[in-house]
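Here is a short report for a reader meeting this structure for the first time. It moves from local details to the whole.

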Amino acid sequence: MNAVAVAPAREHLRRTWYAFSRNGGSVVGLGIVVAIVLLTTFAPWLTPFPRHARAFTDFEHAGLPPGRPYALGTDTIGRDIFTRVVFGYRFSLLLGVVVLTAAVPTGVLLGLLAGYYRGWPETVIMRITDIFLSIPPLALALAIMAVLQPNLQNAMLAVSAMWWPWYTRLVYGLVSSLRTEGYVQAAQIVGASPAHILLREILPNCLPAVLTKMTLDMAFVILIGSSLSFLGLGVQPPDPDLGTMVADGAKYMPDLWWISVFPGLAILVVVLGFSLLGDGLRDVFGVEV
Amino acid sequence: MRYSTFLIQRVLLSVLVLLGLSILIFMIARVIPGDPARIALGPLASRSQIEALRAQMHLDEPLYVQYAYYLAGLLRGDFGESLYTHRAVAIDLRDLFPATLELVFYSGLLMVVIGVPLGIVAAVWRDRWVDHTVRLVSLAGVVTPAFVWAIVLMLVFAYALGVLPVAGRLSPGLVPPSAATGTVTLDALLAGNLRAYLDFLRHLILPSVSLSLAGVAQAARLTRASMVDVAGRPYIEAARAFGISESRIALKYMLKPSMIPTVTILGLDFAALLGNAFLVESVFAWPGIARYGVEVILRKDLNAIVAVVMIMGLFFVVINFCIDMLVGYLDPRIRLRQMEDAA
């Protein structure tokens, strides 16, 4: 690669960063997301009491208020809240990543098919999508949790089941307008296969919107996941989960307020990070999601 | 398209969605591991007892016959008996659902009467400190789960300041004289019991505020965004040129067209309140459907689960229907687009 080809790429990157960083919120969001990802990746080395992440009891230091060495206090059996919050983030991120990995390809594929093939595939796919969208999200998740044992895997399954229709609807809308574009018609005329047209011509033009929505949805998936575990239908003890920790602490209000308030604020921070980052991407890509 | 045709079409679509929901829940309920008859009778039941109950519950018939019985029950409002308490599920719902509905109703009201004016204020004083404050507050509202709000507000207003009650719906000893509707608002006001109603309102503040904050934030953001969008249009400029006062421009010429996208999203938010009520009720020990819903899910009480989910779905569909009708009325272009799609 010679310098002439590299320069535009670097220039493009610089301009993208300029557009992105013009909004201070986006940079803050990016900072929060990067910090949380680093913190969770190196959690065993960055937290003061990694052993407190699972079953562990130390009644001598139970229920201590925030101070040293327990920055955010300890819970009723003496575990460091800060350590558990950081390890709790692992489950939040895992939930978000798994749900989106399952829901997005499904939703996008169905949206591509429904948008490209008019007639019965469109009718069938979009009516089913409408039905899924018309069920209140939490009710659908609750119904699925009713069938399965409450744990992290099943919570992921339940949330994925309620998430794909949003991508079908998004991609369907995009494809409906893209299919009449000149380059798509040109590909059709030269005899390109439908698979080529859908995956190589149309899909790349849907990606900015899909990526932006995924970032914003990380926030909402984490929110829903913590709600499920708050109700006792998600991650089960002794694994640390932010929603479960808030629910546990609620029993000891107001005396041991730090047990639920800090995990609650931790949910706020991660959701805020992904929301701000998503808003920033939306402005850079100029997409509506 | 005439409004009546639009209405009929929407009714049919709502019915279709409810049918789809009933099939989905029926299928989910039928794949629950474990025989409902055995769950109902307990581990000590004999084989013949279980067979008898299976026949009584139509579990020995083909699936489509079972669905027909189930649908016929739903249409009569008969959800069967709880497998554990052997109480009719419909009676449980009648006792618990009004409290939830009441909480959701007041939260929806807050969403509109606080959120929309906040958005208007932010749009009128765009890029001033009022706007920045409203945007910051909205962001906090959107990114914080309702149950975290519930706990924080409870700590501050009920425990630290002690100005509002911690939990429950009425102070001990205060009972609305009749339980005609199950909602304190109607029961207390019908009986002229103002004291009970005011006490109820005091109990209502924290749960309804925690439940509605996300919606308030959403309403403020949407109203602001669509008003700012409209503000640059030529007809606003024209109105200014005619010397129409700024407040009249804001409230009449900018607000009205801004309400169409706002109403749609607010409707969705209103419908979502019912799901989030689960989270808030459990913090404030509100005597609604939430604790019941979670309990029946954890112990796999089939009929009760179906009933809870169907009620939530019905609420959602009814709200969506009302919103469609309202938006179709406000904006004739939406009806027109439907006609083009049909053609």
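A:Pro69 sits in the loop between α3 (43-46) and α4 of chain A. A cis peptide bond links A:Arg68 to A:Pro69, with omega at about 0°. Like everything below, this comes from a predicted model.

**Two loops in chain B**

Two residues of chain B have a positive phi. B:Asp127 has a phi of about 65°, although it is not a glycine. It lies in the loop between α5 (89-124) and α6 (129-143) of chain B. Is B:Asp127 buried or exposed? B:Asp127 is exposed, because 9 other C-beta atoms lie within 10 Å and the cut-off for exposed is 12 or fewer.

B:Ala285 is not a glycine either, and its phi is positive at about 50°. Its place is the loop between α11 (246-284) and α12 (289-298) of chain B. B:Ala285 has 13 C-beta neighbours inside 10 Å, so it counts as partly exposed.

**The chains as a whole**

Chain A has 11 helices and zero strands. Chain B has 14 helices and, again, zero strands. The table sets out further values for each chain.

Start with helix α2 (residues 24-41) of chain A. Its 18 residues should span 26 Å at 1.5 Å a residue, and its end C-alpha atoms are 26 Å apart, so the two values agree. The buried residues of α2(A) are A:Ser26, A:Gly29, A:Val33 and A:Ile36. They lie on the same side of α2(A), because they cover an arc of only 100° around the axis. The face turned away from that buried side carries the exposed residues A:Gly24, A:Val34 and A:Leu38.

Helix α9 (residues 194-231) of chain B gives another picture. A straight helix of 38 residues would span 56 Å, but α9(B) spans only 45 Å between its end C-alpha atoms. Where is the kink in α9(B) centred? The kink is centred on B:Ser212 and comes to about 45°.

**Where the chains meet**

**The core**

The largest nonpolar core has 167 residues. Those that touch the most other members are A:Ala141, A:Val159, A:Val171, A:Val221, B:Phe147 and B:Ile305. Helix α4 (residues 81-116) of chain A gives the most to this core, with 17 residues.

Take B:Phe147 from that list. Leaving out residues up to four places away in sequence, B:Phe147 touches A:Ser227, A:Phe230 and A:Val246 in chain A, along with B:Leu279, B:Val280 and B:Val283 in chain B.

Note on methods: Residues are numbered from 1 along each chain as its sequence is written. Chains are lettered from A and ligands numbered from 1 in the order in which they are written. This is a predicted model: local features need pLDDT of at least 70, side-chain atom pairs count only at pLDDT 80 or more; totals for chains, interfaces and linings use all residues. Helices (H or I, at least four residues) and strands (E, at least two) are DSSP runs, numbered from the N terminus. The expected span of a helix is 1.5 Å times one less than its number of residues. The bend at a residue is the angle between axes fitted to the seven residues ending there and the seven starting there. A nonpolar core is a set of buried Ala, Val, Leu, Ile, Met, Phe, Trp, Tyr and Cys residues joined through C-beta atoms within 7 Å. A residue is buried if 20 or more other C-beta atoms lie within 10 Å of its own, exposed if 12 or fewer, and partly exposed in between; C-beta atoms are placed from the backbone. Two residues are in contact if their C-beta atoms, placed from the backbone, lie within 7 Å. The arc is that of the directions from the helix axis to the C-beta atoms.
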